[in-house]
Amino acid sequence: MAGEESKEPLSDSSDECSDQEPTWIYYRDRPEWNDVVPVELNEGPFPVVSIAYSERFKDIFNYFRAIVLKNEISERAFELTSDALELNPANYTVWQYRRTVLKGLEKNIQKELSFVRRIIEDHPKNYQVWHHRRVLVEWSGDPSSELRLTEIVLAQDAKNYHAWQHRQWVLDTFKLFDHELEFVERLLEDDIRNNSAWNQRYFVVKQTSGFSEDIISRELTFSVNSIKKVCNNESAWNYLRGVLAHYTTGLNGHPVVEELCQFLDENNSESPYYFAFLVDRMEELMQSDASKRQVLLPKADGILQVLATKMDPIRREYWLFLSRYLNSQFAN
Amino acid sequence: MSERDYSELETNHQFSVLSVPRIHLDVEGIPTVTSDEQVKVESTIEHLLENFLENHELDSTLPLLSRLQIVDFVKHGLSRLSTSYECLDASRTWVCYWNLHSLELLEASIPDETKEAVISFLNLCQSPTGGFGGGPFQYSHLAPTYAAVNALVILQSDVAYKIIDRPNLYHFLMSCRNEDGAFALHVGGEVDVRGTYCAVVVAKLTGIADQKLFSGTSEWILKCQTYEGGFAGTPNQEAHGGYTFCALAALTLLGQESKCNIRCLLRWASNRQMKFEGGFQGRTNKLVDGCYSFWQGALFPLLHFHLAKSDQYSEALDVERWLFNQEALQEYLLVCCQHPFGGLLDKPGRPRDFYHTCYGLSGLSIAQHVNGVVSGRTSVVGSPNNELALTHPVYNLGVNAVMRALNYFNSKPLRT
């Protein structure tokens, strides 16, 4: 989450390799930059979170600060931002300034899309690169490479939050849902526990057909088939519940769900997700029909005690809370 | 030799000293990338826990929080950072906050010269048009603004508070605000629930919040709650611990937390605690990470606060316990997340860093202290010296620091 803020360096050693490239010339030694006075950081005598910048880093950012202060919109300023971003792709000021220059010079968006794509490949968990990509697509109105790009990134990390966010934005903005359910199903075949893919499934259904009765049945069947194969997969259970939130009678009454419970019962399933589901079903019944409370409350309580003491003891406080709650609501 | 129950070694570990039996993932014969990764982590953790138990037989005061080493690590980081920190050049106010907050939790004193130097530095990061950037001469951004304001509040001095240019801060916040009440992280920047949290916190702390700033904001946040019960960064995205914290904390500050589905949120949050490792994961079916000790852990005091106000649920609450396993979280942090040279980390094998140190300690503090309105209870795993100062679950600042700042700023209404 503090995603980029948490991207601390892996080692404490400095890396001087980049200064040894034979072709690199410091900006301060470039005659075509003679007219610019670099702006050095002067933070006073007492260092506070003071970074031991390499010479190259200092040089580039001294010139970047100068350019921003004079608001220079030029080709050389543009190239300077490329150098700056190579050193710190998380510098949002440089990205924002680069966008100003891109607009000012009316630069080619396709080339810029290639530029940011390369940085995304190297830094797929960086906020700025994905936002930049989104802005470019907004400007060009052309989403044609975006599904492929996110697909490639997701092939390397099927749960990359930024990639999924970008993909959702593209699908929704340009209405490109045609093949998305297929895509999701492929990912779920690869890894049935991929919660991002389950979340995407919910999104696709919500934004296309919606949760009509037919679709509810279809989605419940999908989830149930999954649960029958891998019973301890929280993603499938969460999805099941998410679908049922659209069903008029909630957790009780849908034939697909009733069949699942029967199946799990017959197979002596010991999944904590199943047991928790049973308790919630009983809560709903007790809520709507007071006559059922006398029978169901001790049953629900019994399950909660088993969960707390044996099946899922790490969540003991939660199970006991539910037990106290149900008793306070439904006893007598 | 203490007795151990080996009968269920395959799935259940009855570690005699640990607070709760640890249960391995049941792969059910269908391994996938997700389960492979999880099994690997569980194996590493298992080794560490077994080593710990052996050591504990010789020294029952374990586990020990290596306070002095952490203080050294963090104090050094507050002044100098190596070249490899160039990647955080746009987040230097964050590094200030992470390290100051760690010192605050450890109740380590901060010398006056350091305080003055920090105040000067943060002032350099402030923009003449309001807000703070990640470093001097950088555009203002809500995240480094939040970090800078928090860092100043930790210093607990009027001199620190006074450097905040409140009128322009208000303008900066307004410039990030969208019509629908959501906030971009900076002008021309991305919109997500972090922006909302940072804006609400900063405004509330400095006493500049008003209806104009936050109209529609809680409605937008509520759209981020997912079918799983947690909150996402933007509507329709996956429920995620960091964003869920931002959402619930912001809603709480806006007085609107009752508008979300609290039961679903509670269930989701409770399920984020890992039944083998004891720490928290950020999303369903992902790996444990020390930093979620705070992002997920802090949800529980917030949920408790909300549930305690409801007629329906208040009776069922235990005033001495949060609704997660406090001891198991402490065990994960103390046994598995401490670097040998000081500082905390994500999980064993990862490098230490200031972010994980800050949020690991913050989570530890929450796990140690339950405080309701009337009563509370402290539960410290290991040496009593492991006890940290209290942290406020909304701001992640020391509670005294928060009170002092709120008193100062609320007595000085803003005239825009």
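A:Val49 is found in the segment before strand S1 (50-51) of chain A, strands being DSSP runs of E with at least two residues and helices runs of H or I with at least four, numbered from the N terminus. Although A:Val49 is not a glycine, its phi is positive, at about 40 degrees. A:Val49 is buried, with a relative accessible area of 0%; buried means under 20%, exposed over 50% and partly exposed in between, with a 1.4 Å probe and protein chains only.

This is a predicted model, in which local features need pLDDT of at least 70, side-chain atom pairs count only at pLDDT 80 or more, and totals for chains, interfaces and linings use all residues. Residues are numbered from 1 along each chain as its sequence is written, chains are lettered from A and ligands numbered from 1 in the order in which they are written, and side-chain values use heavy atoms, without hydrogens and water.

Chain B contains 17 helices and five strands. Of its 416 residues, 64% count as buried. Its C-alpha atoms fill a box of roughly 70 × 45 × 45 Å along the principal axes.

B:Pro63 is placed in the loop between helix H1 (33-58) and helix H2 (67-79), and the peptide bond to B:Pro63 from B:Leu62 is cis, with omega near 0 degrees. B:Asn396 lies in the loop between strand S5 (376-378) and helix H17 (399-410). Phi of B:Asn396 is positive, near 55 degrees, in a residue other than glycine, and B:Asn396 counts as buried at 1% relative accessibility.
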